[in-house]
Amino acid sequence: MRRKIPSSTSLQAFEAAARHNNFARAAEELSLTEGAISRQIARLESQLNCRLFDRMGSRVKLNPAGARYAHHVRETLERIERDTQYIMGMPAGSTSLDIAVLPTFSTRWLIPRLSRFNAMHPGITLNIAAKTDPFILTESGFDAVVHFEHSSWTGMRTRFLLQEKLVPVCHPGLLTGKDINVQLNELPRIHRRQNPDAWHHYANEHDIKLDNPAQGSRYDLHEMAIAAALAGQGVALVPHMYVENELHSRVLVAPWPESNSLSKRFCLVKPVETGLNEAALQAFESWMLAETTSRNLAT
């Protein structure tokens, strides 16, 4: 059965006209005549058996059906353009993988190590996207995701990578000669918005008195909390693996112990069915396992 898909010319004319709410401006953008735009829109409306614009003399205005359709058409055209750019930029015979990753994990752990993957697999291009929340992997457009263990991944192929453990860190200039736990109570605390009880759990785990565990600034990402700690704004409770370089160079210090209870498991999640990129995905998985194994051995 033939698909009921309008021509790309009609869709591009409609998207431009909808964005400008003006046929003349759409025509100028697409290097067409206003009459050509009008004919493409009329052809599209005829195929859809639905009006997309309300005509008021020489003026046009999107109606509710047109506004809804324009939103979906714009997303589709943008996705096609992105995919086209990806294909055009790929060397002959190469493969690309689209991997969704937690934002701070990508910037602080994964991307700094990718030169080693690129050296081992020059024929594989990795496209990295940031995803904070779990999502349905099937038909998402991603080949795999690196994230916490979560019920959203039920039925997918998962592979444990490493354990995230939180540790309090601060700028060394904030510390004095006082007892270190007394200072933890006195210093401003930096929170991650999605885990507001973390300081409360940490204090209970290590039997440290905090007068008000909820006190302090809140940030969406660990990356933001780390930046705040580097700026001397207080003590941040962040994953140890994200601040290893800062602790080694002493721009941050961690005189308090790691938390064992505030811990999450990172895993690589793959679709249940193998695809055309399975060989490249297997290479990425093997490399990730080697990287995380070497880190675990080092710590």
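Reply: On a 1 Å grid over the protein atoms alone, a pocket is an open set of points with protein on both sides within 12 Å along at least five of seven lines, a cavity is a set where a 1.4 Å probe fits but cannot get out, and lining residues have an atom within 4 Å of a point. This is a predicted model, in which local features need pLDDT of at least 70 and side-chain atom pairs pLDDT 80 or more, while totals for chains, interfaces and linings use all residues. Residues are numbered from 1 along each chain as its sequence is written, and side-chain values use heavy atoms, without hydrogens and water.

Me: Which element gives the largest share of the lining of the largest pocket?

Reply: The lining consists of Ser8, Gln12, Glu15, Arg19, Glu29, Leu30, Arg74, Leu77, Glu78, Ile80 and Glu81. Two or more of these residues come from each of α1 (8-20), α2 (23-30) and α4 (64-88), where helices are DSSP runs of H or I with at least four residues, numbered from the N terminus. The largest share, five residues, belongs to α4.

Me: What is the volume of the largest cavity?

Reply: The structure holds one cavity of 30 Å³ or more, and its lining includes Phe105, Glu164, Arg192 and His222. Helix α5 (residues 103-110) gives the most to this lining, with three residues. A volume is the space filled by probe spheres set on grid points joined across faces, edges and corners, and for the largest cavity the value is about 100 Å³.
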